[in-house]
Amino acid sequence: MAFQVSTTIDLANSALCVYLAARLYRAYLQDPKSLTLRNFSYTYVSLTMAYVLLIIPRLFASQQQLILGIAFAFGSFAFLIASSFFGQIVLAFSRPTWVKPFRLIYSTLAFLCLIWSLIDRAQPVVDVTTGITQWNVPVGVGAFSGFLLLIVLIPGVVLFFNRGIHTIGNHIVRVRSFTIGIGEMLLIFSAITFYLASSEILAIIGDLISIGALLTIFLGVIYHRPSPLPAPQPSSPRS
């Protein structure tokens, strides 16, 4: 078999996520009141689990479509758990009282998506000539999974760009907010190609962009720590 390009990129992603999770958790231990750092570290831990679940079967059973399809279902579930932690970060800055209901509802939807993914499994193909993986996700599963990711990522982009635009006089917060927002935009494109890629070119582009997305978000989170992102200011009552 040819050199497994997609698997190697995911190995790089998993190694990057392990490193970033460790860095963020150490930062959290130094600032234990920062739930943002905690949830970001848990996000990268969940991403590590997702990549490991996708990598191992391709290393040892790359032509066993059933095994790859099951691995994809659980890997995709881990991606959704990661997005749950990220969604809690977004809500903590915008709607703190919604965090617990969101966690319960989103986790339930993610579990339903897992069941659906196991019933209507992806039909992954590892190209023996190019080493590129196409997951061939069923349209319904891909659309539902993508929807769950986008309802977290798009509000996150809006939130962080809005905070960057409207934060005056605090260069650190502006840079941090814009950097995280850019990383999320890259992650959206990567997520779309992960579930809906119709060609090997799109699949490999999405794989490569995912590395940049994860690293960009991390750089935004740690930029000039320990200066925290300011809490949302309550809107003034209308007269």
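The model is predicted, so local features need pLDDT of at least 70 and side-chain atom pairs count only at pLDDT 80 or more, while totals for chains, interfaces and linings use all residues. Residues are numbered from 1 along each chain as its sequence is written, and side-chain values use heavy atoms, leaving out hydrogens and water.

**Helix pairs**

Two packed helices are described by the angle between their axes and the distance between the axes. Helices here are DSSP runs (H or I, at least four residues), numbered from the N terminus. Their axes are lines fitted to C-alpha atoms over the stretch in contact, with angles from 0 to 180 degrees between N-to-C directions.

| Pair | Angle | Axis distance |
|---|---|---|
| H3 and H6 | about 160 degrees | 13 Å |
| H3 and H4 | about 165 degrees | 9 Å |
| H1 and H2 | roughly 155 degrees | within 8 Å |

H3 is therefore roughly antiparallel to H4, a term for angles over 145 degrees. H3 and H6 are also roughly antiparallel to each other, and so are H1 and H2.

What is the handedness of the crossing of H1 and H2? This crossing is left-handed, which means that the near helix is turned anticlockwise from the far one by less than a right angle (clockwise would be right-handed). H3 passes H6 in a left-handed crossing, but H3 passes H4 in a right-handed one.

Now for the residues that touch, where contact means heavy atoms within 4.5 Å. From H3, Phe72, Ser76, Phe79 and Phe86 meet Glu184, Phe194 and Tyr195 of H6. This contact has five nonpolar, one polar and one charged residues. Here Ala, Val, Leu, Ile, Met, Phe, Trp, Tyr, Cys and Pro count as nonpolar, Asp, Glu, Lys and Arg as charged, and the others, Gly among them, as polar.

**The cavity**

How many cavities of 30 Å³ or more does the structure hold? There is one, and the largest cavity has a volume of about 400 Å³. A cavity is a set of points on a 1 Å grid over the protein atoms alone where a 1.4 Å probe fits but cannot get out, and lining residues have an atom within 4 Å of a point. The volume is the space filled by probe spheres set on the points, which are joined across faces, edges and corners.

Of the 27 lining residues, Leu47, Tyr51, Phe79, Leu187 and Leu214 are the closest to the centre of the largest cavity. Its lining has 18 nonpolar, seven polar and two charged residues. H1, H2, H3, H5, H6 and H7 each supply at least two residues of this lining.

Definitions and conventions: Parallel < 35°, antiparallel > 145°, perpendicular 65-115°, else oblique. 1 Å grid on protein atoms, 1.4 Å probe; cavity = no way out; pocket = protein on both sides within 12 Å on 5 of 7 lines; lining within 4 Å.
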